[in-house]
Amino acid sequence: MSSTPPGWIAASVSRGQGNLRRAWLVLKLRGPSQVQFWFIALFLGVASGAAAVAFKVGIDLIQRTVYGTDDPAHLHSFVAGLHWSQILIIPIIGGLIVGLILNRITGDGRVRSVADVIEGAALYEGRVEVRKGLASAFASLLTLSTGGSSGREGPVVHLAGVISTAICRLIRADGITGRDLLGCAVAAAVSASFNAPIAGALFALEVVLRHFAVHAFAPIVIASVAGTVVNRLWFGDLTEFILPQGTVLGFYVELPAFLILGLVCGLVAVVLMRSIFWADSMGSHLQYRLHIPASLRPAVAGALLGLIAIFFPHIIGVGYETTSAALTGQLILSEAIVFVILKVAAVAVTMGGRMGGGVFSPSLMIGALTGLAFGIIATGVFPAVSGSGTLYALAGMGAVAAAVLGAPISTTLIVFELTGDWQTGLAVMVAVSMSTALASRLVDRSFFLSQLERRGVHLAAGPQAYLLGTFRVGTVMRFAADPRAAAEKACWDMIEAGTWIDVNATLEQAMPIFEKGGHAFIPVVQMNEKGTAPDLRGALFQVDALRVLNRALAARAEEEHS
């Protein structure tokens with residue numbers, strides 16, 4: 001006979017029934033909304049995938065029209081046979097139209113891309129600018145179709161963000177839901193661009209949301225798969241690059257060479273990023289000094305690109321033809337080195353000239369060329385322990401792209417999905433790890449975060465830095481009528497001494513004042529016309545600012561770990 005007391009059995013049954021009842025209540029109350037959210041993610045994945053496909057098809061159609069080619073996939077080979085005047089004039093006309101569009105609609109003439117999507121996820125509850133985003137997408141479409149040297153994935157990611165923003169406004173999504181939907185849109189756009197659903201999902205988590213919360217994983221995967229299905233229904237089950245067979249390591253002792261390749265690629269990535277930033281600063285300086293209208297700046301960049309393309313048409317567009325040539329070993333050492341230099345210059349001119357496009361595709365091309373050049377040298381010096389030189393091109397492609405994007409996981413997986421070869425993946429992982437480790441210390445984590453840092457948005461420093469910029473002083477301060485307010489005389493004494501803050505400032509501007517002066521509070525004023533005294537509105541207490549920051553950090557941590 002069992003020695004278990006009958007009361008214990010009854011209690012166990014009661015607890016089991018209670019657990020089942022609670023599970024049923026969760027399913028009944030939360031299940032439908034969760035299922036509805038997954039259907040929204042599915043719809044968003046289809047829509048974003050369709051946008052990516054339409055963007056690519058649009059580029060092909062315009063290139064067929066303006067250049068007269070029947071095969072946009074081999075554009076630079078076709079352009080090499082055109083008259084020099086046509087090669088020169090097409091980017092200029094494209095730049096003129098782009099300049100008019102961007103400066104009329106965006107105001108600042110700046111194209112919106114991945115950095116703005118990251119900013120929207122961090123600071124604006126998953127929303128991006130819709131009207132300016134649509135203008136940027138069209139400008140990028142024209143840029144890539146008329147000789148611009150940039151990539152299509154960045155504009156497609158922001159275009160997907162525009163779609164998710166429209167849905168967020170329609171359903172009045174909160175911050176967590178808005179960020180999750182933005183991640184769904186980005187995942188679908190990337191997966192549709194590369195026919196790589198795993199990498200698309202991880203790119204959204206790694207680069208845009210910048211966390212791997214479980215609650216976001218399922219809808220993002222659903223959207224990513226939907227984007228891939230849309231791509232395959234239109235283009236078939238094809239990858240962007242046809243890779244040679246047998247690109248495997250000669251011996252595992254060859255792996256140290258890929259460590260060195262990773263360091264080289266990290267430096268090349270830093271050169272690419274800093275060249276773009278230098279070109280943008282120099283373009284703004286020359287525009288100011290020479291009194292060039294902002295709307296003509298892209299046309300000037302188009303003229304420079306046309307001059308380069310007359311002699312080296314390889315720089316035109318996304319450059320996938322040259323990337324494929326590097327991955328299949330169809331280029332010699334001198335060609336690979338020259339094309340790296342020219343592509344870096346062309347991308348810097350395009351981006352610095354405020355045209356359009358992104359940096360994803362250029363980084364793939366530059367990485368493949370860098371890897372091929374390194375591989376030709378490495379296999380020539382150590383032929384007995386070396387595999388194929390094209391394996392270095394493949395690893396270099398992943399290494400430069402990962403360092404530029406700040407996305408080592410998703411970039412590595414893109415290469416895996418392109419090859420399906422996990423032994424090749426060892427070489428890619430080694431190169432990617434070294435390139436990202438080096439580049440992230442020479443710039444602010446990635447190209448996108450460095451872009452934001454240049455605009456004064458400090459996302460690279462983490463939420464403890466950028467969350468302060470989301471709170472206005474006027475929403476945190478204690479008004480003069482508050483029983484806990486600071487004494488009016490003490491406030492005026494501090495104002496006369498030069499210690500005060502505007503009511504419209506942010507906590508990011510207030511915290512250095514607390515740290516520098518050691519004050520318990522800062523007077524908050526409303527500025528009036530010049531020559532008149534400001535109005536005292538109240539005081540901002542350091543303890544209140546810290547309490548608000550602590551709550552925001554706790555909420556963000558809860559979201560990222562749920």
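The model is predicted, so local features need pLDDT of at least 70 and side-chain atom pairs count only at pLDDT 80 or more, whereas totals for chains, interfaces and linings use all residues. Residues are numbered from 1 along each chain as its sequence is written, and side-chain values use heavy atoms, with hydrogens and water left out.

**Nonpolar cores**

- A nonpolar core is a set of buried Ala, Val, Leu, Ile, Met, Phe, Trp, Tyr and Cys residues joined through side-chain atoms within 4.5 Å; buried means under 20% relative accessible area, exposed over 50%, and partly exposed in between (1.4 Å probe, protein chains only).
- The largest nonpolar core has 147 residues, of which Ile220, Met273, Val404, Phe447, Phe448, Val473 and Leu540 touch the most other members.
- Helix α15 (residues 389-405) contributes the most to this core, with 13 residues; helices (H or I, at least four residues) and strands (E, at least two) are DSSP runs, numbered from the N terminus.
- Leaving aside neighbours within four places in sequence, Val404 is in contact (heavy atoms within 4.5 Å) with Ala269, Leu272, Met273, Val359, Ser363, Ser446 and Phe447.

**Helix α6**

- Helix α6 (residues 153-171) has 19 residues, and 14 of the 19 are buried, so α6 is largely enclosed by the rest of the structure.
- Just after α6, Arg172 takes a positive phi of about 55°.

**The four-stranded sheet**

- Four strands form an open sheet in the order β1-β4-β3-β2, with mixed pairing; two strands pair if DSSP finds at least two bridges between them.
- The edges are β1 (478-479) and β2 (501-502), each with a single partner strand, so one side of each is left without a neighbour in the sheet.
- Strand β2 runs parallel to β3 (residues 521-526), and two bridges join them.
- Asp502 has Val525 as its bridge partner in β3.

**Helices against the sheet**

- Helix α21 (residues 488-496) lies across β3 and β4 (535-541), running at about 80° to β3; axes are lines fitted to C-alpha atoms, for helices over the stretch in contact, and angles run from 0 to 180 degrees between N-to-C directions.
- Helix α23 (residues 542-560) packs on the sheet, touching β1 and β4, and its direction makes about 60° with that of β4.
- Glu488 lies in helix α21 and is exposed, with a relative accessible area of 53%.
- Glu488 and Leu536 are 48 residues apart in sequence and 8.4 Å apart in space, C-alpha to C-alpha.
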